[in-house]
Every structure is written in C-alpha cells, then in structure tokens.
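Subject: Structure for you to look at

Hi there,

Here is the structure I promised to pass on. Please open it alongside this email, and I will go through what turned up.

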Amino acid sequence: MRTTAPKRVVPRLRRLLLALISFALAGTATACATGDDRPRVVVTTNILGDVTREVVGDEAEVTVLMKPNADPHSFGLSAVQAAELERADLVVYNGLGLEENVLRHVEAARESGTPALEVGRAVDPLVFRAPADGGPEAGAGQPDPHFWTDPDRMRTAAGLIADRVVEHVDGVDEKTIRARADRYDGRLADLATWMERSFARIPEQRRALVTNHHVFGYLAERFGFRTVGAVVPSGTTLASPSSSDLRSLTGAMREAGVRTVFADSSRPSRLAEVLRTELGGRVRVVALYSESLTERDGGAGTYLRMMRANTTALTDGLTGD
C-alpha cells in the first residue's frame with residue numbers, strides 16, 4: 001500500500017504543472033496579441049489624456065484614469081488604477097491641487113521610482129486673486145490649476161509631454177513623437193487664432209464673467225475678460241457658498257450690469273439658479289464644458305472640440321440680449 005500512493009500523486013502533480021505552464025504561455029501570447037507589452041503612459045485627467053494621445057499616437061499605450069463627465073476635484077481611483085500608476089513608464093498629471101483625491105497615489109508612484117510630469121506647475125501658473133470688493137476668497141494666493149482654458153499654455157503642455165515621453169518611455173520613436181507634437185501644436189495655434197476672432201465680437205463692456213466656481217482665470221487673462229465673481233468663491237467644486245457669498249456676488253453683478261452666469265455642463269446649474277431668485281429672475285444660465293471632456297460623440301469629446309464649444313457659448317452668451 002505504501003508504494004501505490006506516490007504513483008497516484010506523481011501523475012497529478014505532472015498534470016498540474018503542465019496546466020500552469022500552459023496558462024502562463026497563453027497569458028503571454030494574449031499580452032503580445034493585444035499589445036499589452038507596449039510601454040505605458042498613465043494620465044490622471046481626461047483633458048490631458050486627450051492631449052497626450054494626440055502626441056503619443058500608437059507609440060505607447062495611454063491610460064486615462066478620469067472618466068468622461070467626471071469632476072477632477074472629486075474623482076477617485078480603484079486599487080487596480082492605483083497600481084497602474086506604479087507600473088507606468090510615465091505618469092502625466094495636472095497637479096496644483098486639482099486631482100484632490102488622486103494626488104497621494106501619484107506621489108506614491110513617484111516615490112516608488114515612476115517618472116511623473118506635473119504639467120500645471122510647468123506652464124507658468126497664475127494664482128487665485130482676492131476679489132476686488134475685499135470679500136473672502138477661498139484659496140486666494142494659491143496656484144490656479146485650470147491652465148487648459150488658455151490654448152497657448154496648452155501648447156506649452158503638449159511640448160512638455162512630448163519631451164518627457166521621449167526622455168522616459170523606452171521603445172518610442174522620437175521622430176514620430178516630435179512630428180505628432182508639431183502637428184498638434186499647429187492645431188492649437190489655429191484654435192487660439194479662431195478664439196481671438198470669435199471673442200472680438202464681444203463689446204468691451206460685456207466682457208465680464210460670472211461662473212459657478214473660479215475656473216476661467218487663464219482664459220480671462222489671455223483674451224481680455226474680467227472676472228466679476230463665482231457662485232462658489234473657490235477654485236474647487238468641493239466648496240459651498242454661504243449666504244454672504246451670494247449677497248456679495250449679486251451686488252457685484254448688479255454693479256457690473258451682468259445677467260449671464262456660466263455653469264459647468266457636467267454639474268446641474270443648481271447653485272447658479274439661486275441667483276435667479278436673488279436678482280429677480282432675470283439671470284441667464286449658460287452651460288460650458290469647463291473641467292471634463294464628454295464621451296467621444298458628446299459635445300466636447302476632445303480638447304479642441306471643448307474649447308470651440310465653450311468659445312461659441314461664451315460669445316453667444318455675452319453678445320445676446
């Protein structure tokens with residue numbers, strides 16, 4: 001009896017070992033077939049993700065963590081997504097406090113040795129300014145992360161992404177990356193020129209912006225707008241307005257003669273609607289794509305489409321009666 005047990009065990013062990021080898025080989029073959037062996041660039045926000053894909057093309061796998069129509073201030077990561085950051089050849093993120101629930105994961109990946117590019121800090125960021133009336137302003141003096149509303153800064157960003165991909169991502173073709181970056185830079189330059197021509201239709205006295213939160217500071221500086229205020233006096237959607245904030249804003253709107261509020265399309269204009277009551281129902285609320293792209297077939301499936309849609313909405317909103 002003692003000699004028969006090993007005879008049964010050995011064939012079973014052999015079959016198990018062969019099954020494990022076959023599984024491993026199948027997994028390797030699948031990875032090669034699907035291109036999973038390509039170098040990987042992981043991007044936090046979908047706006048920067050679109051730009052990165054334009055620059056990288058098929059030279060590397062580009063993974064975007066933020067889903068369409070999400071809020072960059074509040075979206076989080078799964079454990080699988082957090083692990084993807086540390087496995088990346090390069091991480092591209094907005095920074096300046098924008099991805100509030102993700103930055104700790106980015107920092108962990110950086111500490112583990114993963115190269116990371118904080119785009120916002122490298123494009124000459126503005127700072128949030130205190131309001132002219134001397135009222136409270138959450139984050140005054142802190143860097144403004146919403147640089148993408150200025151297409152010229154996005155041109156700088158695209159060039160930086162190309163530089164870092166060439167530097168840190170093995171296996172990409174530098175000439176291809178540079179050529180793609182140059183072509184995209186031309187499209188961004190065309191966008192800036194088109195925006196200038198469009199905004200030229202807006203009379204100087206009407207170039208005043210009120211938004212649901214402070215997100216268009218870069219656009220205002222680049223194209224000659226003035227920011228009257230925001231429903232949420234902060235650079236983040238996670239803050240909430242107080243009754244005194246609303247009173248201060250409605251007073252500033254009356255003084256400036258502003259009757260149009262621009263609210264983010266991915267969030268209902270609930271806060272902006274409050275102003276209609278405060279100002280006697282004579283406020284117009286216009287939706288903009290301010291912090292997130294939509295699905296590809298939506299109104300802002302790419303950065304270029306988003307900026308053109310916003311330019312049209314701003315121009316129509318400020319020139320209409």
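Let me begin in a loop: Asn69 sits between strand β2 (61-64) and helix α3 (79-87). Please keep in mind throughout that this is a predicted model. The phi of Asn69 is near 65 degrees, a positive value in a residue that is not glycine. Its relative accessible area is 40%, so Asn69 counts as partly exposed.

Is Leu96 buried or exposed? With a relative accessibility of 9%, Leu96 counts as buried, because the cut-off for buried is under 20%.

Next, the helices. Helix α6 (residues 174-199) packs with helix α10 (residues 303-319) at an angle of about 5 degrees, and their axes lie 10 Å apart. Angles under 35 degrees count as roughly parallel, and α6 and α10 are therefore roughly parallel to each other. On the α6 side, the residues in contact include Tyr184, Leu188, Leu191, Trp194 and Phe199; on the α10 side, Tyr303, Met307, Thr311 and Leu314 are among them. Which classes of residue make up this contact of α6 with α10? By class, there are 10 nonpolar, four polar and three charged residues.

Thr311 touches Trp194, Met195, Ser198 and Phe199, leaving aside residues up to four places away in sequence. Its relative accessibility is 1%, so Thr311 counts as buried.

In soluble globular proteins, nonpolar side chains tend to be buried together. Here the largest nonpolar core has 56 residues, and those with the most contacts inside it are Met154, Leu209, Leu219, Phe225 and Tyr303. Apart from this core lies another, of 13 residues, including Val42, Phe75, Val106 and Ala109. Not counting residues up to four places away in sequence, Leu209 touches Phe216, Leu219, Ala220, Phe225, Arg226, Thr227, Val228, Gly229, Phe262, Leu314 and Leu318. One of these, Leu314, is also among the α10 residues that meet α6.

Methods:
Residues numbered from 1 in each chain as written. Predicted model: local features only at pLDDT ≥ 70, side-chain atom pairs only at ≥ 80, totals over all residues. Heavy atoms only, no water. Axes fitted to C-alpha atoms, helices over the stretch in contact; angles between N-to-C directions. Helix = DSSP H or I, 4+ residues; strand = E, 2+ residues; numbered from the N terminus. Parallel < 35°, antiparallel > 145°, perpendicular 65-115°, else oblique. Contact = heavy atoms within 4.5 Å. Nonpolar A, V, L, I, M, F, W, Y, C, P; charged D, E, K, R; others polar. Buried < 20%, exposed > 50% of the residue type's maximum accessible area, 1.4 Å probe, protein only. Core = buried A, V, L, I, M, F, W, Y, C linked by side-chain atoms within 4.5 Å.
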